[in-house]
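Subject: Structure handover

Hello,

Here is the structure for you to look over. My notes follow below.

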Amino acid sequence: MIKIKNIILAFSFMLVFSSVKAQVKLGDTFPNVALQSNQNTVVKLDSFKGKTVLVDFWASWCGPCRLANRKLVKLYETYKNKNFEIVGISIDTDKTKWLNAIAKDKMKHQQLIDAKGFDAKSAVTFGVEELPAAYLFDTTGKLIAINPTEEEIIAQIKK
């Protein structure tokens with residue numbers, strides 16, 4: 001019985017340390033993520049290097065995400081010509097609901113999907129534990145803030 005407990009404990013530690021190691025941290029560069037867009041193209045996150053980028057994890061079923069989308073739509077409209085991009089990454093498992101939410105929320109910024117819920121590789125890589133979750137990258141592709149305020153985003157855009 002003690003051996004089984006030790007094996008379970010060891011396995012648990014391995015899971016914790018492997019997932020912590022995979023999460024992006026301040027100062028890290030764009031992770032190697034390539035996902036399908038709502039335009040049926042594959043988009044790599046590092047293709048946005050040279051711009052201030054807000055990576056926003058969300059889902060159609062997430063009420064707070066849908067409220068945040070309203071602010072993101074306005075932010076994008078205001079700053080899209082200022083070397084700024086928002087990349088929405090949905091963890092929806094239903095692509096139709098995802099596409100309907102994009103249309104209903106009138107989101108014009110880049111939309112990608114990783115349709116495996118919280119088990120999605122991109123969500124694990126970023127360390128997403130709740131929605132919405134946002135990650136701000138500077139023009140060199142370096143992560144400078146996790147869940148930044150609107151003021152922090154605007155200050156970075158204006159640099």
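Of the contacts in the chain with a separation of 6 or more, what share comes from residues 24 or more positions apart? They account for 66%. Contact here means heavy atoms within 4.5 Å.

Some ground rules. This is a predicted model: local features need pLDDT of at least 70 and side-chain atom pairs count only at pLDDT 80 or more, while totals for chains, interfaces and linings use all residues. Residues are numbered from 1 along each chain as its sequence is written, and side-chain values use heavy atoms, with hydrogens and water left out.

Overall layout

The chain has 5 helices and 7 strands. Helices (H or I, at least four residues) and strands (E, at least two) are DSSP runs, numbered from the N terminus. Along the sequence the pattern reads α-β-β-β-α-β-α-β-α-β-β-α. Of the 159 residues, 43% count as buried, meaning under 20% relative accessible area with a 1.4 Å probe, protein chains only. The accessible surface is about 9,500 Å², by the Shrake-Rupley method with a 1.4 Å probe. Carbon and sulfur atoms hold 56% of that surface.

The sheet

The 7 strands form an open sheet with mixed pairing, in the order E2-E1-E5-E4-E3-E6-E7. Two strands pair if DSSP finds at least two bridges between them. E2 (42-44) and E7 (143-146) are the edge strands, each pairing on one side only. From one strand to the next, the twist averages 35°. E1 (residues 34-37) and E2 are antiparallel over 3 bridges. In that pair, Ala-34 stands opposite Lys-44. Helix H3 packs on the sheet and touches E1, E3, E4 and E5. The direction of H3 makes about 165° with that of E5; axes are lines fitted to C-alpha atoms, for helices over the stretch in contact, and angles run from 0 to 180 degrees between N-to-C directions.

The cores

A nonpolar core is a set of buried Ala, Val, Leu, Ile, Met, Phe, Trp, Tyr and Cys residues joined through side-chain atoms within 4.5 Å. The largest has 33 residues. Val-55, Phe-57, Phe-126 and Val-128 are among those with the most contacts inside it. Contributors of at least two residues each include H2 (63-79), H3 (95-104) and H4 (121-126). Strand E3 gives the most, with 4 residues.

Leaving aside neighbours within four places in sequence, Val-128 is in contact with Phe-57, Phe-118, Ala-123, Ala-133 and Tyr-135. A second, separate core has 13 residues, including Tyr-79, Phe-84, Ile-86 and Ile-153.

Best wishes

Technical notes:
Buried means under 20% relative accessible area, exposed over 50%, partly exposed in between (1.4 Å probe, protein chains only).
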